[in-house]
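Reader: I would like to learn how to read a two-chain model with care, going feature by feature. Could you give me the general idea each time, and then the case at hand?

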Amino acid sequence: MKVSLFITCLSDAIYPRVGEAMVRLLARHGIRLEFPEIQTCCGQPAFNSGYWDAARESAATILRAFDDSDFVISPSGSCTGMIHHYPKLFEHDSVLLEKARKLQAKSYEFTQFLVNVLGVADIGATFPHKVTYHPSCHGSRLLGVKDEPMTLLDNVKELELVPLPFAEDCCGFGGTFAVKMADISAAMVSEKADHVKETEAEVLVGLDMACLMNIGGNLRYRNEPVRVMHLAELLAEGAGLL
Amino acid sequence: MSAKAEARTVKARAELALNDDFLRKAVKFTTERLRSGKKNASSEQGNWEDWRERGRQIRLHTIANLDYYLNLFANNARANGVQVHFADTGAEAVQIAMEIAERKRAKTVVKSKSMVSEELHMNSALERMGIETIETDLGEYIIQLAGETPSHIIIPAIHKNRYQIADVLSKVAGEQLEADTTVLAGFVRKKLRENFLEADIGMTGCNFAIAETGSMVLFENEGNARMVTTLPKTQITLMGMERIIPSFEDLEVMATLLPRSATGQRITMYMSAITGPRREADADGPEEMHIIIIDNGRSLQLGDPEFQELLNCIRCGACLNACPVYRHIGGHAYGGTYSGPIGAVLTPALNKNVAEWDDIANASSLCGACYEACPVKIPLHEMLVYLRRRKVEQGHGNKAENAGMKGFGTVMRSAKRYSAAVRMGQLGQKLVVRGGEIRSKLGPLKGWNSVRVLPSLPKQSFRQRFKTLDEEIRAGLQEMSPDVRSRMEEALKRQRDEKPEQGGHGHG
């Protein structure tokens, strides 16, 4: 069975450690994550801004890259969520539409795959820190990834999980929204970071590096000593794999 | 207010709101109360997702057969003695209302809350005729006195705190009223009582129109709509053409969804179903009753697969209360009668105002909180993207963005070009990276770095690192357990059987 990594451009270029964590965690279960190099970006920046031709050019690399994969795993609910828009994006091209539907059916956000497919609830990690979790909007609302990360976090030894107030509120990233509507986005991320601070957590963990880059960027700007990381990194570190 | 009128873009209006601490505090306070109320009420009801789906199905069915149900409603209402009028445009609706007022030689009109009336700017039209027009919903009354427009679909004065409200009402009272909600509401109640008795016409909106009986149904909490519909001799109901539901059975579902979604109430204080003018045996009610059914851009959505569901909206305001953007900028920043996520889509859809689409549609992070809150599951977050796309398709895109996105497509369609771009970034960033991060606020970095620090690109991207990593993994790879293998095989089977719908949900 061919299990492929859809790294997403952000994790590829800025957060390669997230990909490495996923590779090492899955290897523990006998899965060699394969990486098709022709993949680029899911096309979401162009799609969400209304430039669907450009989005199709980018999305086509994803369709091609994972054509013969059995499972496609990404570290982002948002980019996997974008794959769920592919049938709409390619609705006028019967060949690509069929590929898009197939890809959608075999695409998983990382914790979905780990918990729902592999049945792994306990990775055997120990992480003696106070942690809070931000559920990213696309993963939790559009993919329905809600319990999976909680299950994984609950089973990490010595980890103290503190609930994030108003956790389900958007952090204000929104892709080009953060640039186009910078003031509104700034108000949103500041409010989110305030909530993180209220928890007095040492670590903020999540499932989407874009949101974490946003919240983490604001925490860093305010010199708040909160470590920000992807759940895959936390699990891999806690299991001594990173 | 004048500054707001001058601010011509969402961005400029949002900036005014972001600098208004009173507004932000007031909006945040009330939306938080409402959305937590909704959360409690819906979980207390139980099976909320089933209720939503039932509501959605009723609305889908009705809108798909809108011509049939509208006809049925109009015929039944006429049989009940109601005079039914159809208006294609807002101006036509206003004209019809003005003609009725003229015929009745009306001097005073009392109104209960109606967003359609706001959409038509009915008050200013009547006032131009010299007719005194009085809003009787507390919130509407306050903003009418303040000379403003509603900033929320169900809480018109949400942007005002009680001190500001006390100031507005004190001017009418001629004395300084205490900023105490009981005192203020008591003052308004006394004041409005006189108006109800004097008014020639009562004007209302309509929450639902029941096709099978020709009845119109109003949900309210203050009892003012009941006064408006019983005391004046003539009653005019303004109704968007999509307000129809087939039967009273369907009303049960709507009555379950609407108050809970709007205010977190199990039922509103008053729910009135009005089926025609006063009959001989009735103790009260108007002698003459009119219903004006208004199109005003609504029928443009019929047959449009991307926007028809907009007509399913039951105007509960739950999407506003859930929206993190609305919470920070309030309703006036949206610049239309309808605000929040529903307004961001409805305003351009009703107006066919292509050039402004992008502006309003861009004021969203596409987080989907609106969709999740919506009692009839309107995919507003997707519609916002469709609006953006239509603007681009029709050539109203921003020039720099056009070029940028073209470049994005060119780079991203080839992994080689994409990798080259990453390498260029790794080298080029040296100009701005200090201590592993980017704090410069120059040029395009300004928006992001005004409140954030940007991470730098590490020396190696994942794809640059993968080969070595993969060699190491292959060397030490453990055998897959039979349990994991069989689970994966089961999943493969499920995938093959799965027929994903467009925009469907994930592997739950």
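Author: Let us begin with contacts: two residues are in contact if their C-beta atoms, placed from the backbone, lie within 7 Å. Please keep in mind throughout that this is a predicted model.

Reader: Which domains are assigned within chain A, and where do their bounds fall?

Author: The domain assignment of chain A gives domain 1 (3–117) and domain 2 (130–238), and their C-alpha centres lie 22 Å apart. In the contact between them, 27 residues of domain 1 of chain A meet 22 residues of domain 2 of chain A. Several helices of chain A, namely H1 (9–13), H2 (16–27), H3 (44–49), H5 (77–84) and H8 (110–117), each supply at least two residues of the side of domain 1 that touches domain 2. By class, that side of domain 1 of chain A has 11 nonpolar, 13 polar and 3 charged residues.

Reader: Which residues of chain A does the UniProt annotation "domain: Cysteine-rich" cover?

Author: According to the unreviewed UniProt entry, that annotation covers residues 3–83 and 131–215 of chain A. Over residues 3–83 of chain A, the chain is 54% helix and 9% strand, with the end C-alpha atoms 17 Å apart. Over residues 131–215 of chain A, the figures are 51% helix and 12% strand, with the end C-alpha atoms 15 Å apart.

Reader: How many helices and strands does chain B have?

Author: Chain B has 24 helices and 13 strands, and along its principal axes its C-alpha trace spans about 95 × 55 × 45 Å. Of the 508 residues of chain B, 46% count as buried. Among the contacts in chain B with a separation of 6 or more, 72% are accounted for by residues 24 or more positions apart. The domain assignment of chain B gives domain 1 (61–300) and domain 2 (399–491), and 55 Å separate the centres of these two domains, taken over C-alpha atoms.

Reader: Why do the buried residues of helix H10 (residues 162–173) of chain B line one face?

Author: An α-helix has 3.6 residues a turn, so residues three or four places apart point the same way. The buried residues of H10(B) are Ile165(B), Ala166(B), Val168(B) and Leu169(B). Seen down the axis of H10(B), these residues fall within an arc of 165°, so they line one face of the helix. They pack against helix H9 (138–146) and helix H11 (181–198) of chain B, while the face turned away from the buried side carries the exposed residues Tyr163(B) and Lys171(B). As a check on geometry, the 12 residues of H10(B) should span 16 Å at 1.5 Å a residue, which agrees with the 16 Å between its end C-alpha atoms. After H10(B) comes Gly174(B), whose phi is positive, near 75°.

Reader: Which residues are buried in helix H10 (residues 147–154) of chain A?

Author: The buried residues of H10(A) are Glu148(A), Pro149(A) and Leu152(A). They cover an arc of only 95° around the axis, which puts them on the same side of H10(A). What covers them includes H8, strand E4 (130–134) and helix H14 (231–238) of chain A.

Methods: Residues are numbered from 1 along each chain as its sequence is written. Chains are lettered from A and ligands numbered from 1 in the order in which they are written. This is a predicted model: local features need pLDDT of at least 70, side-chain atom pairs count only at pLDDT 80 or more; totals for chains, interfaces and linings use all residues. UniProt positions are given in the numbering used here, feature names are shortened, and annotations may be inferred rather than shown by experiment. Helices (H or I, at least four residues) and strands (E, at least two) are DSSP runs, numbered from the N terminus. Domain bounds come from an automatic or database domain assignment. Ala, Val, Leu, Ile, Met, Phe, Trp, Tyr, Cys and Pro count as nonpolar, Asp, Glu, Lys and Arg as charged, and the others, Gly among them, as polar. A residue is buried if 20 or more other C-beta atoms lie within 10 Å of its own, exposed if 12 or fewer, and partly exposed in between; C-beta atoms are placed from the backbone. The expected span of a helix is 1.5 Å times one less than its number of residues. The arc is that of the directions from the helix axis to the C-beta atoms.
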